[in-house]
Amino acid sequence: MTPTLDQLHEHRTALDTPLFSGLPGDVDVSFEFFPPKTEKMEAQLWDAVQQLKVLAPEFVSVTYGAGGSTRERTHATVSRIIKEAHLPAAAHLTCVGATKAEIREVAEQYWEAGVRHIVALRGDAGEPGAPFTPHPEGYAGAAELVKGLKEIADFDISVAAYPETHPDADCPQACIDHLKRKLDAGASRAITQFFFSPETFFEYRDKLAASGIDKLVIPGILPVTNVATARKFAGACGAIIPDWMDGLFEGLDEKPAARQLVAATVAAELCRRLYAGGVRNLHFYTLNRPDLAYAICHMLGKRPVGEKAAEAAVTGEAA
């Protein structure tokens, strides 16, 4: 019986080197958290910070609610991460519902608390589909916010990028032009919204290069355990949930362990394909749950810093 093309393809795939064998762990990772609302959520967040801290992230970031609704909790969380976990922590800051004077006050408080990295965002109005309206005495958007923050203090600033185009953008090129304005205003890097196809990022990277953007653009990774929830997130940022993802999670509503396994597999494969395309920086949207991000980093060769130091001591190599 002559094998079909599909069978030949599967045969070649089965004989390939395993996707995750021998990776050196030369990826720089960062993690996003959101500020807790209750004591129980605070304990969950701190557990996540402690579990991921050992992977020596480049930085961790803490989100900022629409209209500054989590301002105090964001500040407290970032301050605690810096003081107690001794991690470089970035605070999100948005333009929504704030005057320039109020933003200056918040930024100065961050600087005094030891925060040197800010994720500067325009922000959303807080309701799905609601248009963004700048405060009469505030910043018109993220590019102005970046410029204003650099005038307040020498912050290291990250901004958002949208591989599948922000819903408010007139066209893909307009979205890229806006990113360039943010970077030219003083931002050091961009972090993308999540996406689920490596080609999406590679094509976007090529378009950015063609537009003269050469600063670091870090892929944002969202390990999905609930497709319905991911779809809500996607609608707000223009991301596309592929049809095949629904099929993968079908029938797993009452099987959380299986859902976790599928989620880790899908996200790890995406990261591995990005790695094959030269990506060495990844930003994980953790939703304050560390297990998936930790597992994916482990598959990419990342190991706890303590383990590396112990190995070096045994082999006599420099840590």
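Predicted model: local features only at pLDDT ≥ 70, side-chain atom pairs only at ≥ 80, totals over all residues.
Contact here means heavy atoms within 4.5 Å.

**Arg-189 and its surroundings**

Arg-189 is found in strand 6, which spans residues 189–194. Leaving aside residues up to four places away in sequence, Arg-189 touches Phe-59, His-117, Asp-156, Ile-157, Ser-158, Val-159, Leu-183, Leu-216 and Ile-218. Two residues in that list, His-117 and Asp-156, also make polar contacts with the arginine through their side chains. The side chains of Arg-189 and Asp-156 are joined by a polar contact of 2.9 Å, and those of Arg-189 and His-117 by one of 3.2 Å. Arg-189 counts as buried because its relative accessibility is 15%, and buried means under 20%.

**Helix 5**

Helix 5 covers residues 142–152, and its buried residues are Ala-142, Ala-143, Leu-145, Val-146, Gly-148, Leu-149 and Ile-152. These buried residues pack against strand 3 (89–94), helix 4, strand 4 (117–121), strand 5 (156–161) and helix 6 (172–184). In an α-helix there are 3.6 residues a turn, so residues three or four places apart point the same way.

**Helices 3 and 4**

Two packed helices are described by the angle between their axes and the distance between the axes. For helix 3 (residues 71–85) and helix 4 (residues 100–112), the angle is about 15° and the axes are 10 Å apart. Helix 3 is therefore roughly parallel to helix 4, since angles under 35 degrees count as roughly parallel. The crossing of helix 3 past helix 4 is right-handed. On the helix 3 side, Arg-71, Thr-74 and His-75 take part, and they meet Val-106, Gln-109 and Tyr-110 of helix 4. The residues of this contact comprise two nonpolar, three polar and one charged.

Thr-165 and Asn-288 are residues other than glycine with a positive phi value.

Methods: Residues numbered from 1 in each chain as written. Heavy atoms only, no water. Axes fitted to C-alpha atoms, helices over the stretch in contact; angles between N-to-C directions. Helix = DSSP H or I, 4+ residues; strand = E, 2+ residues; numbered from the N terminus. Parallel < 35°, antiparallel > 145°, perpendicular 65-115°, else oblique. Left-handed = near helix turned anticlockwise from the far one by under 90°. Nonpolar A, V, L, I, M, F, W, Y, C, P; charged D, E, K, R; others polar. Buried < 20%, exposed > 50% of the residue type's maximum accessible area, 1.4 Å probe, protein only. Polar contact = N/O pair within 3.5 Å; in protein donor to acceptor, adjacent residues only side chain to side chain.
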